[in-house]
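This report is an introduction for a reader who meets the structure here for the first time. It takes up helix packing, then the sheet, and then the pockets.

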Amino acid sequence: MAGRRGAVLSIESTSVQDYVKAIYAFTEWQSDPITATHLAARLAVANSSVTGMVGKLVDLGLAEHRKYGPISLTPSGRALALAMVRRHRLIETFLVTELGYGWDEVHDEAELLEHTVSDAFVERLDAKLGRPARDPHGDPIPGSDGRVRYPPAHRLDGLDDGHQGTLARVSDDDPEVLRLLDRHGVALDAVLLVAGGAGPPTELRLGTDASAPSLPVDGTLARSLWIESTAPHAGCTADIEARQGVAPS
């Protein structure tokens, strides 16, 4: 059936694996659906290439897509995506903890290696690392059964003045953000305090003490950090959403 759209592909194809992983990653930390335009930008390919490849994913039973509509994964597509995400994040963890890579260096290396290792290697790597729950950026590592546990964290640009918490996740989309945090000694689980008056956060205090150093917050940084609440404050909308079961975005 896939032959209708050109070369026959399978779930062993690196292109197929990259596409389902990209679709999953786009919607992992936010609820907006992914479109062909989003996917083209994420993979740095032409829209026409995405259209053809998404058609092949549909033929393989890995994705659902109507013309001009969003793209979603089928249960089979999600299972494949989770398997690839598991590989990628375990490899990133190995590179940082065992080989001394910086957290800003591992993404591209893991992209190359994830297609070359066997399932048996991945399972042994997981055991060797002590079955870690998250990768160096705070992204959860799916279990071998496909289960994923996310921290109850909120993106920085959705938090208000006075919000206190620990750094739960940093997007690796922009390595410069990771290098900035390194220069200021900010790692996962660092205690942070949001400041910025009534509007979006403009300052991030590196600790809760009044004399603690702080970082200015621009749009890139605000979209890159996820904070897990540790102490509620009056009028905190994030805490209200968490209690009502609203997924963090």
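## Two crossing helices

In this predicted model, the axes of helix H1 and helix H3 (residues 47–59) come within 11 Å and cross at roughly 95°. An angle from 65 to 115 degrees counts as roughly perpendicular, and so H1 is described as roughly perpendicular to H3.

On the H1 side, the contact is made by Ser-15, Val-16, Tyr-19, Val-20 and Ile-23, while H3 brings Ser-49, Val-50, Met-53 and Leu-57 to meet them. Sorted by class, the residues of this contact between H1 and H3 comprise seven nonpolar and two polar, with no charged residue.

## The open sheet

Six strands form an open sheet in the order E3-E8-E4-E5-E6-E7, and their pairing is antiparallel. Strand E3 (153–155) and strand E7 (214–216) stand at the edges, where each has a single partner strand, so that one side of each is left without a neighbour in the sheet. From one strand to the next, the twist averages 40°.

Within this sheet, strand E4 (residues 164–170) and strand E8 (residues 225–231) run antiparallel and are joined by six bridges. Val-170 has Leu-225 in E8 as its bridge partner, and Thr-166 is likewise partnered in E8, by Glu-228. E8 is also joined to E3, again in an antiparallel arrangement, by three bridges, and Arg-155 stands opposite Trp-226 in E8. As a general point, the side chains of a regular strand alternate between the two faces of the sheet.

## A helix across the strands

The sheet also has a helix set against it: helix H7 (residues 175–183) lies across E4, E7 and E8, and its direction is at about 135° to E4.

## The largest pocket

The largest pocket holds about 890 Å³ of space. Its lining consists of 29 residues, and those that lie nearest the centre of the pocket are Ala-25, Arg-42, Ser-171, Asp-172 and Asp-173. Four helices each supply at least two residues of this lining, namely helix H1 (14–28), helix H2 (36–43), helix H4 (75–97) and helix H5 (106–113).

Of the elements concerned, H1 gives the most to the lining of the largest pocket, with six residues; H1 is also the helix whose axis crosses that of H3. By class, the lining of the largest pocket is made up of 15 charged residues, seven polar and seven nonpolar.

## The second largest pocket

About 430 Å³ of space lies in the second largest pocket. This pocket is lined by 21 residues, of which Leu-80, Ala-83, Met-84, Arg-87 and Asp-119 are the closest to its centre. The elements that give two or more residues to the lining of the second largest pocket are H1, H4 and helix H6 (119–128).

Here H4 gives the most, with eight residues of the lining. The lining of the second largest pocket divides by class into eight nonpolar, seven polar and six charged residues.

Definitions and conventions
Residues numbered from 1 in each chain as written. Predicted model: local features only at pLDDT ≥ 70, side-chain atom pairs only at ≥ 80, totals over all residues. Heavy atoms only, no water. 1 Å grid on protein atoms, 1.4 Å probe; cavity = no way out; pocket = protein on both sides within 12 Å on 5 of 7 lines; lining within 4 Å. Points joined across faces, edges and corners; volume = space filled by probe spheres on them. Nonpolar A, V, L, I, M, F, W, Y, C, P; charged D, E, K, R; others polar. Pairing = 2+ DSSP bridges. Axes fitted to C-alpha atoms, helices over the stretch in contact; angles between N-to-C directions. Contact = heavy atoms within 4.5 Å. Parallel < 35°, antiparallel > 145°, perpendicular 65-115°, else oblique.
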